[in-house]
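Let us walk through a protein chain step by step. Keep the 3D view open as you read.

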Amino acid sequence: MIVGVLGDGQLARMLALAGHPLGLQFIVLSPVPNSCAASVAEQICARFDDEAALRLIAQRADVVTWEFENVPARAVQYLSQHVPVLPPPAALAASQDRLSEKRLFRDLDIPTAAFAPVESLTDLETAAATIGWPAVLKMRMHGYDGKGQATLRRSEDLRPAWAALGGVPAIVEALVPFEREVSVIAVRARNGDMAFYPLVTNTHRDGILRVSISGQNDPLQAQANEYARRLLERLDYVGILALELFAVQGELLANEFAPRVHNSGHWTIEGAETSQFENHLRAILGFPLGSTAAIGHSAMVNLIGDVPDPGQMLSVPGVHLHLYGKERRPGRKLGHVTLREMGQPGLHASLQRLLALLPSAEAT
């Protein structure tokens with residue numbers, strides 16, 4: 001069987017690596033030659049709106065998926081007329097627009113921070129007065145890893161923030177005084193079966209995920225699972241979905257969801273019975289889902305902008321190194337490290353040793 005993937009980054013790469021043992025082949029579509037995934041998958045080098053390229057992938061693939069949210073809607077719509085596209089295009093559309101996303105949460109009784117749409121500087125001034133300070137201004141479309149956002153702490157911030165985002169349609173959200181940032185990785189099969197991975201606590205800096213630590217018996221697990229279940233059922237979803245949330249006084253507020261495999265689920269490669277990548281493939285191909293149970297205790301650390309000496313990292317107990325074959329560049333995700341230990345104290349000790357090797361990482 002052949003899986004087509006829109007996008008050529010590390011997520012496409014890890015999907016292919018998970019699928020090879022299952023006898024699967026992969027075709028990735030990307031405008032960038034010699035992409036991150038090209039060493040493990042056939043690449044069609046073309047724009048996402050190139051109809052000839054889309055026809056080719058539709059003819060050859062048994063199913064098509066994507067690895068990032070900013071895939072042009074027209075490309076997905078075209079493909080869906082010729083080949084199964086999963087997750088469903090409606091899920092992609094909902095995730096691409098922050099306002100649609102927030103309204104979907106509201107419709108499903110999933111709590112969020114206060115929010116308001118803005119189309120002009122006047123709208124922004126009205127919304128900020130209603131929501132209060134501090135707040136965050138976010139582009140409705142195309143924002144990721146902290147890009148397309150500005151923090152608002154006083155009225156003097158409004159005009160420069162609006163100008164910095166280019167005056168495009170946006171959304172204002174109350175800044176949440178969260179205790180933890182968490183995410184739940186969920187999967188739904190074609191027949192409606194669902195499974196949930198252990199809740200993960202995430203640490204971000206400059207809008208980029210730095211460290212994820214998976215937990216067991218988290219008191220907020222059931223609440224996170226329920227919110228994810230509502231999304232999966234409403235969207236008639238198939239595949240992996242990540243729901244990012246803020247923990248505030250024993251309750252969860254939804255931040256956003258990603259209709260794809262997700263950075264905060266990388267720990268599952270070594271830390272779960274079935275990785276998020278394999279379960280995504282199982283789901284979209286109609287195979288039975290694999291167990292999402294954790295194996296011991298796990299954490300994941302992103303390698304951002306630079307890669308320390310691999311030998312030093314591999315000397316840390318429980319370390320598994322994943323490099324993506326990318327050129328070094330500030331702010332770029334070049335790889336990640338998964339740590340797995342059978343006990344929580346061992347995991348904490350290994351994590352501190354690893355973080356000491358990464359000047360750009362935050363202690364956890």
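Two strands count as paired if DSSP finds at least two bridges between them. Keep that cut-off in mind for the strands below. Note also that this model is predicted.

Start with strand β15, residues 297–304. On one side, β12 (residues 208–214) is joined to β15 by three bridges. The two strands run antiparallel.

Is β15 mostly covered or mostly open? It is mostly covered, with eight of its eight residues buried. In a regular strand, side chains alternate between the two faces of the sheet. So look at both faces. One side of β15 holds His 297, Ala 299, Val 301 and Leu 303. The other holds Ser 298, Met 300, Asn 302 and Ile 304. Both faces are covered.

Now move to the start of the numbering. Four strands form an open sheet in the order β3-β2-β1-β4, and their pairing is parallel. β3 (42–45) and β4 (63–66) are the edge strands, each pairing on one side only. From one strand to the next, the twist averages 25°. Inside this sheet, β1 (residues 2–6) and β2 (residues 25–30) share five bridges. Gly 4 has Ile 27 in β2 as its bridge partner.

Helices come next. Helix α2 (residues 51–60) lies across β1, β2 and β3. It runs at about 165° to β2. Helix α1 spans residues 10–19 and is mostly covered, with nine of its 10 residues buried. Among the buried ones are Leu 11, Met 14 and Leu 15.

Finally, visit some loops. A cis peptide bond joins Leu 86 and Pro 87, with omega about 0°. Pro 87 sits in the loop between α3 (73–80) and α4 (89–96). Another cis bond joins Trp 133 and Pro 134, where omega is about -10°. Pro 134 lies in the loop between α6 (121–131) and β6 (135–139).

Asp 109 is not a glycine, yet its phi is positive, about 55°. Its loop runs between α5 (98–107) and β5 (115–118). Why does Asp 109 count as exposed? Because its relative accessibility is 59%, and exposed means over 50%. Gln 249 also has a positive phi, about 50°. It counts as exposed because its relative accessibility is 69%.

Note on methods:
Residues are numbered from 1 along each chain as its sequence is written. This is a predicted model: local features need pLDDT of at least 70, side-chain atom pairs count only at pLDDT 80 or more; totals for chains, interfaces and linings use all residues. Side-chain values use heavy atoms; hydrogens and water are left out. Buried means under 20% relative accessible area, exposed over 50%, partly exposed in between (1.4 Å probe, protein chains only). Axes are lines fitted to C-alpha atoms, for helices over the stretch in contact, and angles run from 0 to 180 degrees between N-to-C directions. Contact means heavy atoms within 4.5 Å.
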